Amino acid sequence: MARRRFPGGRLVVATHNPGKLRELKDLFAPYTTGLVSAGDLGLPEPEETETTFEGNAELKARAAATASGACALADDSGLCVAALDGAPGIYSARWAGETKDFAVAMEKIRKELAAKGLTTSKAWFVCVLSLGFPDGHCETFEGRVDGDLVFPPRGTRGFGYDPIFRPDGHAITFGEMDPDAKHAMSHRARAFAQLIAACFDA
Ligand code: IMP
């Protein structure tokens, strides 16, 4: 399938999440420095009304691209827990509540597992990156990383659910991992590699 390429110039990052913005800036550093966040432009954060990661990523990318008149990149991502039928999934941010307190969200996962007599579960992170164009077109890519959950949470690096997620083949959580090591294997890095190959000049 022919992919539409990024034409250069400004790229709006359609997120108000400082953790995602930091990771995307790190990932994009070799390709473009023209990143500006939707928050800095004063763009509103649209309500995530879709029922899939892909739907919500495209909704956010399209909203920011049409409002700004520039290409916009949106990230919709989350943690899926096998024993909880994939929850919190697309509701990962919402499980942290109004105050965006991920200690609360991680404890909620621990309690829901405990209610099933479990202390851990297989889990995976999903990241869908969508590049939106001002005419509403989107190019969309998905990455995933598998692992298991550990309690209590470990490490103070990363963001969100990183302290309870231990990727397969590793002894430490994303919360304990050097950011470069996380970037080498994460769901976001895997979606990003596809986006770069399809839409950017390496
Ligand atoms: P949304 O994509 O804005 O709906 O929010 C996704 C939520 O998933 C974030 O607020 C984080 O809690 C969680 N999440 C996504 N990616 C990561 C990650 O790389 N590490 C930890 N948590 C993540």
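**Reading a predicted fold**

Trainee: Which residues is Phe200 in contact with, leaving aside neighbours within four places in sequence?

Mentor: There are seven names to find: Arg5, Phe6, Leu11, Phe28, Thr32, Leu131 and Leu195. Keep in mind that this is a predicted model.

Trainee: How do I read a nonpolar core?

Mentor: Start with the general idea. In soluble globular proteins, nonpolar side chains tend to be buried together. Now take the case here. The largest nonpolar core has 23 residues. Leu11, Phe28, Leu73, Leu129, Leu131, Leu195 and Phe200 touch the most other members.

Trainee: Which elements each supply at least two residues of this core?

Mentor: Strands E1 (11-13), E3 (71-81) and E4 (122-132) do, and so do helices H1 (18-28) and H5 (187-199). H5 gives the largest share, with 7 residues.

Trainee: How many helices and strands does the chain have?

Mentor: Count 5 helices and 6 strands. Then read their order from the N terminus: β-α-β-α-β-α-β-β-β-α-α.

Trainee: Why does the radius of gyration agree with a compact globule?

Mentor: Compare two values. A compact globule of 202 residues would have a radius near 17 Å, and the chain has 17 Å, so the two agree. The C-alpha atoms fill one of roughly 50 × 30 × 30 Å.

Trainee: What share of the residues is buried?

Mentor: Of the 202 residues in the chain, 50% are buried. Look at contacts across the sequence too. Take those with a separation of 6 or more; residues 24 or more positions apart account for 62% of them.

Trainee: How do I read a pocket?

Mentor: Rolling a probe the size of a water molecule over the atoms shows where empty space is left. In this model, the largest pocket holds about 850 Å³ of space. Its lining has 36 residues, and Asn17, Lys20, Glu45, Glu48 and Ala93 lie nearest the centre.

Trainee: What kinds of residue line the largest pocket?

Mentor: The lining divides into 16 nonpolar, 9 polar and 11 charged residues. H1, helix H2 (53-68), E3 and H5 each supply at least two of the lining residues.

Trainee: Is Thr173 buried or exposed?

Mentor: Check relative accessibility; buried means under 20%. Thr173 is at 0%, so it counts as buried. Find Thr173 in the loop between strand E6 (165-167) and helix H4 (179-185). Beyond four places in sequence, Thr173 touches Val150, Arg154, Asp162, Pro163, Ile164, Phe165 and Arg166. Compare Ala181, in helix H4. Ala181 counts as partly exposed because its relative accessibility is 29%.

Trainee: What is phi of Asp85?

Mentor: Phi of Asp85 is near 55°, a positive value in a residue other than glycine. Asp85 is in the loop between E3 and H3. At 74% relative accessible area, Asp85 is exposed. Now turn to Lys100. Its phi is positive too, about 55°, although Lys100 is not a glycine. Lys100 is found in the loop between E3 and H3. Its relative accessibility is 54%, so Lys100 counts as exposed.

Terms used
Residues are numbered from 1 along each chain as its sequence is written. This is a predicted model: local features need pLDDT of at least 70, side-chain atom pairs count only at pLDDT 80 or more; totals for chains, interfaces and linings use all residues. Side-chain values use heavy atoms; hydrogens and water are left out. A nonpolar core is a set of buried Ala, Val, Leu, Ile, Met, Phe, Trp, Tyr and Cys residues joined through side-chain atoms within 4.5 Å. Buried means under 20% relative accessible area, exposed over 50%, partly exposed in between (1.4 Å probe, protein chains only). Helices (H or I, at least four residues) and strands (E, at least two) are DSSP runs, numbered from the N terminus. Contact means heavy atoms within 4.5 Å. On a 1 Å grid over the protein atoms alone, a cavity is a set of points where a 1.4 Å probe fits but cannot get out, and a pocket is an open set with protein on both sides within 12 Å along at least five of seven lines; lining residues have an atom within 4 Å of a point. Grid points are joined across faces, edges and corners, and a volume is the space filled by probe spheres set on the points. Ala, Val, Leu, Ile, Met, Phe, Trp, Tyr, Cys and Pro count as nonpolar, Asp, Glu, Lys and Arg as charged, and the others, Gly among them, as polar. The radius of gyration is taken over C-alpha atoms; the globule rule is 2.2 Å times the number of residues to the power 0.38.
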